[in-house]
Every structure is written in structure tokens, then in C-alpha cells.
Amino acid sequence: MSTQLERIAAKARADRKLCFTALAHHLTPEFLVETWGLMNRRGASGIDGETAREFEQDLNHRVIELVARLKAGRYQAPPVRRVEISKPGGQGTRTLGIPTAEDRLLQRAVARILEAIYEADFLEVSYGYRPGRSPHHALRALRDHIIGGRVNYVYEADIRGFFDHLNHEWLQRMLQLRIGDPVLLRLIGKWLRAGAMVNGVVVRTEEGVAQGGPISPVLANIYLHYALDLWFERVFKRRCRGEACLVRFADDYVACFQHRQEAEGFDVALVERLEKFHLTLAEGKTRLIVFGRFARETTERLGKIPGRFDFLGFTHVCGRDRKGRFAVIRIPSRKSCRRFLDRAQAWLMGHIHWKRPDQQKHLAMMLQGLYRYFSLAHSQAKLNWVRHEVELQWIRTLRRQGQRRRLRWDILCRSSWFVLPPVPRTLHPTV
């Protein structure tokens, strides 16, 4: 973090009610150049077709010209380029908004300023898109709550189209509690109203924030900080007689409770709370399940088995460790595995004529990325299955290259190039 951001963060920590009225002057050419060095410069281009490499060729001149337009009030936020990607499992599509390279740089610079301020405000229950926090931290916190606490019920919820229905008026009101700089507020308002380019036509939006821009994650965290986190910790939790906890990663979250009555009360209160902020729950993805140390005894009396739920790509199951003690078993979810296999199949079909060693190198790289995230305890069997499925996909692709002779499995297994990396035992032993 730069010195100026450290000073902002220190002031935010010292006074939790301080409203910052002068922030835009930090958007200097030097600050923008520093921000550019922190960004991923391999992203797709926006509506102008300019790539990050092209923008970088004359970076110093471009940032000076950008700052001049900001100071003169002549900066206009361009619409994003709308891209539709398939959701996991093929259930519909998700809309992404790709900003231009220049706009992406300015969004990231403003996001850094907002992060310096709001890191002092965000609660421990929030883990998504925050420095020093990752999905594995959220998974570990959830496991610790369930194993070490008196958790008997888990409430799994999903907000329907959160990024598409984020209310602009509420977001501006939330920002004004901490941001009093009119230049920065107008700039964020321009991004919210910029719209998207669809088939050559600009479509304006009255709600939502485009996924794909660097400013979107921090705005989403701010929105849910006020709409959900603070309400749960300072209002609803204080009314509970038993234990209650929340773990949130962006718009994906679960709540744990000791008593069923309080869990059911949360279900009712949450609907009312989200409606106030123009959000709704996805009914098919919202449910209350029996889960925890005493879940097996509770469900056996009813002639049932403990429930299971998905969170951050893992299916959570009630189980036992080697000593017979209760353990939370996390294995890669069916949806996560299907998404990876679909991506591997699409890549193979698009690169069917690559040389076999080159195909092996890329598939090995894809699997290593999968292992780095999913290699928790108890995940090895599922990851071995995924690896075997990738081998079968590869063989079917190789057989499409020609019909003269069939490639046999036993022959391929003896080939020096037909080798995919084995599954490591556990890469995250503390998660």
C-alpha cells in the first residue's frame, strides 16, 4: 500500500464516522501508473477494441491526459462491452461487463482508495475480494464455527441476480456515509449509469453493477456490509439466545445457528431485510438443513440422514475423522467438477490439431490450477476421478484426429507423453 493510502487507512481506523471530503486529488498520474503495475494486463478489450498492451505503449502520456480530463470535469464513462458466459452446470448465463483499458485503470485506482477506507469498517464475517483474505480463509472460519461451536443448523441462501439488481440510490446513500468528495461520487455514479453496448446499441441500466470491472467487487462488499453484515451482527444476532454466525464471500454466504427456532426466524427476517434493499432470495437455492456435531443423532430420531450443502465450490458433509471424532468433510462439488470438465473439453475441441506434447502441457497446467484450490483433506478421490475423466476426454479428442487406427488405452498409458500430473495429498492442511 502506498504512503497516501496508508494515511487514508489510518484516518479511517482512528475515526469510524469520519466522512472523507477530499479524495480526488489522490488520482495523480503517478498514482495511476503505480495502479497500472498492480493490474492484470491480460484482460479482454472493451468497446474500443484497445488492448492493455496498446494502452501501455504510451502509458505516461495517457495518464496525464486522463487526469487533465478528470480535473476539467470532461471525463465520460464509456459503456462496457457485454459478454454472456455459461453458468456452472449449464443453468443459464451470467452477464459480464468488460470496460475499456483506460476505464479499467481509473476504476482500479478508485477501488484502491475505497478499499483503504472501508477495510476499517468491514466485519470479520466478510472474506470476498479483500486484501489478505481468500476463499480458503472463509472455508476455515466456517469449519471452525461448526466444529468448535454449538452449531446444529445451517442456513444456505443465494441472492437472485445480486450484481444485476444492486440498487443505485441505496448504494449512493451508503457511500455518502464515508465519502463526501463530490468528484469521486459523481465518478462512481457515471460508472453505474454508463450502461452496456449490445449489438452496437447502448443499453442504459437503472440498477445493478457490471461484473468484470475492478470497482464492482468493492461496491458489492459495501452494499452487503450495510444491507446484511451489520444487520446480522448488531441486530439479529443480539436477539438470539444460542450461537449464531455468518460467513460471507461476496454475495455467497451461509449462516449457522444453535436453535432451529432462531434459524427459521432468520429465514423470515432476511426476506424482509433484503426486500428493503431491492433484493430477493432465490427460492430453489435457499434452504435450512440439520448440520453439526449432533446432526446425526437428531436426524436418526427422525429416520433421516444429516444434510449437506455447497459453499465456495465444496460440498460440506458431516463425517468422522480417524479417531472417530466429528469432522466437516469438504469435497469438490459436482457443479465445480462439471464446470472444469466442460472447460477442458471445450479447450480440447478448440485445439484438436495441436501437437500431443503441447496438449499435455496445457492440460497439466489446467489440472495443477484445479489442485491448488481443491486439494483439501478428503478431496483426493474426487480429484483423481476428475483427472481420469480428463484422460478420457483427451483420448476421445485424439481419436477424432484420424480414422486409420484406433488408439488403445494400454498403449497410451505406456507412452511417455500421455502423462498428467498426479493429485497431491493435501496442499492446504490447515483449512
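The model is predicted. Its largest nonpolar core has 132 residues, and helix α10 (residues 216-236) gives the most to this core.

**Nonpolar core**

- The residues with the most contacts inside the largest nonpolar core are Leu27, Tyr223 and Leu270.
- Helix α10 supplies 13 residues to this core.
- Leaving aside residues up to four places away in sequence, Leu27 touches Val67, Leu70, Leu106, Ala109, Val110, Ile113, Leu184 and Leu187.

**Strand β3 and its partners**

- Strand β3 (residues 153-158) is largely enclosed by the rest of the structure, because five of its six residues are buried.
- With strand β7 (residues 252-257), β3 forms an antiparallel pairing over six bridges.
- With strand β8 (residues 287-290), β3 also pairs in the antiparallel sense, here over four bridges.
- Glu156 stands opposite Val254 in β7 and opposite Arg287 in β8.

**Packing of helices α2 and α4**

- Helix α2 (residues 29-38) packs against helix α4 (residues 59-72) at an angle of about 130°, and their axes lie 9 Å apart.
- Angles over 145 degrees count as roughly antiparallel and those from 65 to 115 as roughly perpendicular; α2 and α4 are therefore oblique to each other.
- The crossing of these two helices, α2 and α4, is right-handed.
- On the α2 side the contact is made by Pro29, Leu32, Val33 and Trp36.
- On the α4 side, Leu59, Asn60, Val63, Ile64, Leu66 and Val67 make the contact.

Conventions
Residues numbered from 1 in each chain as written. Predicted model: local features only at pLDDT ≥ 70, side-chain atom pairs only at ≥ 80, totals over all residues. Heavy atoms only, no water. Core = buried A, V, L, I, M, F, W, Y, C linked by side-chain atoms within 4.5 Å. Buried < 20%, exposed > 50% of the residue type's maximum accessible area, 1.4 Å probe, protein only. Contact = heavy atoms within 4.5 Å. Pairing = 2+ DSSP bridges. Axes fitted to C-alpha atoms, helices over the stretch in contact; angles between N-to-C directions. Parallel < 35°, antiparallel > 145°, perpendicular 65-115°, else oblique. Left-handed = near helix turned anticlockwise from the far one by under 90°.
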